[in-house]
Amino acid sequence: MGEGGQIDGLLEFGFDGPPPPRATELLDRVGERIGLALRSVKYRQRLQELLEETRHQAEELRSHAEELAATNEELEEQSRALQESQRRLEEQQAELEQQNSQLESQTQELEDQRDALAKSRRQLEAKTVELARESRYKSEFVANMSHELRTPLNALLIMARLLAENRGRNLSDEQVRWAETIESSGKDLLVLINDILDLSKIEAGKMDLAAEAVDPQTVARKLVRAFEEQARAKGLELGFELAPALKPIQTDPARLEQVLRNFLSNALKFTERGRVTLRIGPAAGGGTAFSVSDTGIGIDTDQQEAVFEAFRQADGTISRRFGGTGLGLSISRELADLLGGRITLESAKGKGSTFSLILPDAPGKAAAAARPVAETSPAPDLAPAGAGEDDGAALARLPGVTDDRDTIRPGDRVMLVVEDDPVFAGVLRDLAHELGFACVCVDRADDAVRAARRFMPHAIVLDVRLPDHSGLSALDRLKRDTATRHIPVHVISAEDYTREAMAQGAMSYMLKPVARDQLEIAIRSLEQRLKSRLRRVLIVEDDPAQMEGLRALLASDEVETVGAGTAAQAFDICQSQTVDCIVLDMTLPDASGFDLLERLDGDGTAGFPPVIVYTARALSEAEEQRLRRYSKSIIIKGAKSPERLVNEVTLFLHQVVSELPEKQRRMLAASLNRDAQLEGRRILVVEDDIRNIYALTGVFEPHGATVQIARNGREALEALGRINDGAAPKVDLVLMDVMMPEMDGLTATREIRKIDRWKTLPIIMLTAKAMAEDQNRCIEAGANDYLSKPLDVDKLLSLTRVWMPR
């Protein structure tokens, strides 16, 4: 439709046939008029838009005019204010001129004082340099003294432990007790060394504090529970009293507990009969008082200050009945100052004593000045010698994370979270609560083992990179302990050790970062494991007699065995049934074990549970490498292999050892004693102290390992060079001391990592310097892990198994 040759619109008509001429003529006439109407509509719309735009611009101009008027008023006001300011400045200028004349007279006096201050400053700087040098000398002395004490102590503890174990069964019970006494005394000496290091750190101002909200009732319950056994053994009553309506205080819980443990330990030590009581309540003058009262020997008034000195005794005669206080009270007084509090003592001879630690409700200046840290080392274990390894007081808390360790009751479902990141640990704790678990959170591998033994959790979530050493070593120790090996463990880490963790018996493995829904799925899978009691083992074996023997060996009330004589039958069973573990013979009538594994791996519908290869034929190294792609553990038929088969099957099925048949328990014990991961392996021990060499050889050789010796880093490089040239058998793992003559362990490790062949050679560093930065220095040098002397034999064996190539 248009007018004057211009198209203004379009109308479309449909006809059954060709339109008649009259219709065409009508449409032509109407089209011009409709087009004119459409154009008029467009013009009116455009006019309306222009009018609206003009009105909008007029409003804007009016608004700008008003703003300009307001601005002009403000400028006029500011101009008046500036004139007033100028007048005041002129008055001040006159005053300043008068003051300048006075200052000129004082300038000479200030110059004289400045010269005197500069002289004093130079003297202070010289003193500061001297004090810094003395502090550095002291720190180096303490570190070196620690090394010199720990090196012989390391050999003493290891050899005493080996004697106490009496593996050769050639020592009498009395001789075993002697060895246990030697080991216990060595541990007491180690506590003393740690006390000396603590005292030196406090004096040097290097003791870190991590203040958090602390519930006095929780502290009291935990400490009394820690010392109950010692009090019971001495026939003493032990309890606590709490004032009503106590509120949490802000302090460092580890250091608070360290002081109170020392009070309780001394009270039990110096009390022969009666009672020891921990009282907590408001202090006179403000704050909270933690008091430990006893009915012991008491302290004379003139001796009360002396007990806070190192190694002092209230009774110094040669006929005294009690020992001294060691370093505990000296450290306690220093810690009290660091926490912003103080220690008081009330005592009379023969009437008992009351030691009180009075702390402010919030950290004082001394505590506030301490540098907060994300993670804190647990306080040295000052508990008495009778305290067990799984004592709850030995478990450090994560800063900022409150868990359920003090409220767990019998029958509760418990989850243990081992994670050094407080934020992620809090996420896991909250998720555990949502799923109905009580949660205990720790951040160290050693605490993980102790917590598992104490709380016997139903599930464990474990990180790998932990402050003390690898979480894989904790996993190894858990799975070699018959009391905890059944607990399902889910590993979550930023590093990929999936194969190592799964081979040690982990139920699953996830790489960080992990989404919350993935965490929930993983924890629910652990929950399903708790509900599922019956396990199914598929035995793939073509020999009927061997099949019957294996079914009899592995079956129990909680384990159903299913047999398959061919690879095809095994594959069908995996597709149609849930299988928890496969025991596989490599020689089958219709296909090889390799074919079955490849078919299972390639078929997404069939489950692929843990596979244990149990075969009669010899496997070449190439075949073993090929099998490791699928198999979690390779077992070769031969002497005692049924014992290891029972070990691996019960591990992957997470069976409770105490519920196994008696025959399987005996076979499991025999397999755990053999330590197949160390048998036949070669370990290079790089150590300059012959006592430690002898002790380490005594640890590893009974487990079937061969120990090769190098006396320093240079000899270690030469030994590896001979292996490179094919002149010596290969080494599977290196234990590297740090402090050695000619070439130290850190330098040797760096040199080893420069050689392509040895970039993946496992190296575990051993050091007697118990300083916080030692671990980082060892890892940065290229070590896989780190262990401080004196060495714990169980930890040493565990770390060795973890890093031993499979």
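Reader: How many disulfides does the count come to by this rule?

Author: A disulfide is a covalent bond between the sulfur atoms of two cysteines. The rule requires a pair of cysteine sulfur atoms within 2.5 Å, and by it the count comes to zero disulfides. This is a predicted model, in which local features need pLDDT of at least 70, side-chain atom pairs count only at pLDDT 80 or more, and totals for chains, interfaces and linings use all residues. Residues are numbered from 1 along each chain as its sequence is written, and side-chain values use heavy atoms, with hydrogens and water left out.

Reader: Is Cys574 buried or exposed?

Author: Buried means under 20% relative accessible area, exposed over 50%, and partly exposed in between (1.4 Å probe, protein chains only). Cys574 is buried because its relative accessible area is 6%. Cys778, at 2% relative accessibility, is likewise buried.

Reader: At what angle do the axes of helix α13 and helix α14 cross?

Author: Axes are lines fitted to C-alpha atoms, for helices over the stretch in contact, and angles run from 0 to 180 degrees between N-to-C directions. Helices are DSSP runs (H or I, at least four residues), numbered from the N terminus. The axes of α13 (residues 567-576) and α14 (residues 593-602) cross at roughly 25° and come within 10 Å. The two helices are therefore roughly parallel, a class for angles under 35 degrees.

Reader: Which residues make the contact?

Author: Contact means heavy atoms within 4.5 Å. Ala567, Ala570, Phe571 and Cys574 of α13 meet Leu596, Arg599 and Leu600 of α14.

Terms used: Angles under 35 degrees count as roughly parallel, over 145 as roughly antiparallel, 65 to 115 as roughly perpendicular and the rest as oblique.
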